[in-house]
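Try each task yourself before you read its solution.

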Amino acid sequence: MKRMWILSFILLFTIGSILTGCSSDAGNSAEKVLKLNLGGEPSSLDPAQAFDEDSLDVTNALFEGLMKLDQNHQPQPAVAKEVQTSPDGLTYTFKLNQTQWSNGEPVTAHDFEYAWKRVLDPQEAADPAFLLYFIKGAEEYNTGKGKVDQVEVKALDESTLEVKLARPTPSFLQLVSYPVYFPINKKVAESNKNLYNEASTYVSNGPFKMSEWKHDDRVKLVKNDHYHKKDLVKLSGIQFSMVSDGKTVYSLFQTKELDVVGKGILPSDLVGSLIKSGEIKTSDGNGLSFFRLNVQKAPFTNAKVRKAFSLALDRKLITERIVGGGEKPAYAYVAPSVPNQFREKGGSLIQEAQFEEAKKLLAEGMQEEGWAKLPPVTLLYSNSSDKNKTLAEAIQEMYRKNLGVDVALQAKEKKVYFDDQRNKNYIMTTSSFLADYNDAYNYLESFQTNHSMNRTGWSHPQYDELMKKAANTGNVEERDQYLHQAEKILFDEAPVFPLYYYNSGALEQKGVTGILRHPVGPSDYSQADKQ
């Protein structure tokens, strides 16, 4: 025990020294460097690939799209100065401001056309590519059924971008605020396909530019003097450290080596006390924690077994005693924060802790498959925080107690964890969903056949048909009915099942102001300040 204490002290001292050293490197005391933390190495800082919360936060500070969300979370012109929409809602024409890349070159409409088609290129295998499927020809090109010149996004000249949609999409301007729609410097990218792997080659157009990227350690950003609204940027830079241990992160906050800490990385018992004391103020978030099951591997080839694993969990106990951050148990997939009272109208799709029903379904499923003994189950989770480990262990114990099943645990580094999910190299895995735009369709679209974010091997023709109908109707009530039916199929088949809905909350040092947090999408640090 004494040896572990000494090692922990050395680790904390070393990290603190690194962070202090980085802060002094930033310059004199007049400079304002906001010190933040990531749970580990970002999965990618390429706008085409960034798709987890940490990666999106960093990328959003480095780039700016055609539109940007304001204080009321509504899209406003950014790189675009004017937007024209055709009467049928299918054609958008963006006129661009005169802006520059961090290397001083002009940002053009050609950069946007190149970037969007790059995301859709099947060779890129970009996870968020489906967010561009609203564009005419985009899905066909991305899935190998069409050609790049059939994608209806075109630079009419240096400062005019025309986009034609496959169907009316009311949330399109919100979507183009999202990182996957950011521009890419065409000239630089064509000469270096790996420009977003290192700081020395990184070119961006946002309020900050990258000055250092020490992998698995830190990312440093400095104010971008070529940013077209640089006078509004108050910070001289942002430093993202990469510390995964929640207790260490809290210690760094207490010693003011970190300015802001999201509650998600902190130990759950600590979060509860900080919420009670008012140091962390929570608000409704979007998205949820859930589980994916690989339906192509036993025992989850059987739907009754899958449902048994869902019903054996006590979600209320998990949110109150394990997670402990004021989260709400999830008894359906689409979150209550979705507009049009979708969740209220759809109601709960599972009941709390049906342990006897779970045992019954498990026995029936095993009998159907002819299994005298349940094939082994391993739960894959990310080792990016202590909370993930605590949660996995609690789930493991619930399955032992409530279902009579021994589940093995497998912790992996975040990038490997995501790769294993992507390649379906798992049996059961923890998962996370953060909405890209606040719409029930966004929650459910991932589970269509062969969708890049499905990652379960599950396919259901009726589900696909309902999602297709929802996407192509302009009638809101009719659309929601299709989505309610699709969600019910998802629960009947149970390739995934929910755990709890997210909320938001963070610790901030006194004097930190101006961070804009949206219910959907990454944080905006462009007008953040630090006293």
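**Exercise 1: The second largest pocket**

In this predicted model, H16 gives the lining of the second largest pocket five residues, the largest share.

Task: Describe the second largest pocket. How much space lies in it, and which residues lie nearest its centre?

Solution, step by step:

1. Start with the space: the second largest pocket holds about 1000 Å³.
2. Next, look at the lining, which is made up of 38 residues. Nearest the centre lie Tyr133, Glu139, Thr449, Asn450 and His451.
3. Sort the lining residues by kind: 12 are nonpolar, 13 are polar and 13 are charged.
4. Now turn to the helices. At least two lining residues come from each of helix H4 (138–142) and helix H16 (461–472).
5. Finally, check the domains. Domain 1 (33–245 + 509–530) and domain 2 (284–504) each supply at least three residues of this lining.

**Exercise 2: Lysine 414**

Task: Find lysine 414 in the model. Is lysine 414 buried or exposed, and which side chain does its own side chain meet in a polar contact?

Solution, step by step:

1. Locate the residue: lysine 414 sits in helix H14, which covers residues 414–422.
2. Check its accessibility. The relative accessibility of lysine 414 is 7%, and buried means under 20%, so lysine 414 counts as buried.
3. List the surroundings. Apart from neighbours within four places in sequence, lysine 414 is in contact with Gly40, Glu41, Asp52, Asp54, Ser382, Asn383 and Ser384.
4. Pick out the polar contact: the side chains of lysine 414 and aspartate 54 make one at 3.1 Å.

Note on methods: Residues are numbered from 1 along each chain as its sequence is written. This is a predicted model: local features need pLDDT of at least 70, side-chain atom pairs count only at pLDDT 80 or more; totals for chains, interfaces and linings use all residues. Side-chain values use heavy atoms; hydrogens and water are left out. Helices (H or I, at least four residues) and strands (E, at least two) are DSSP runs, numbered from the N terminus. Buried means under 20% relative accessible area, exposed over 50%, partly exposed in between (1.4 Å probe, protein chains only). A polar contact is a pair of N or O atoms within 3.5 Å; within protein, one must be able to donate a hydrogen and the other to accept it, and residues adjacent in sequence count only if both atoms are side-chain atoms. Contact means heavy atoms within 4.5 Å. On a 1 Å grid over the protein atoms alone, a cavity is a set of points where a 1.4 Å probe fits but cannot get out, and a pocket is an open set with protein on both sides within 12 Å along at least five of seven lines; lining residues have an atom within 4 Å of a point. Grid points are joined across faces, edges and corners, and a volume is the space filled by probe spheres set on the points. Ala, Val, Leu, Ile, Met, Phe, Trp, Tyr, Cys and Pro count as nonpolar, Asp, Glu, Lys and Arg as charged, and the others, Gly among them, as polar. Domain bounds come from an automatic or database domain assignment.
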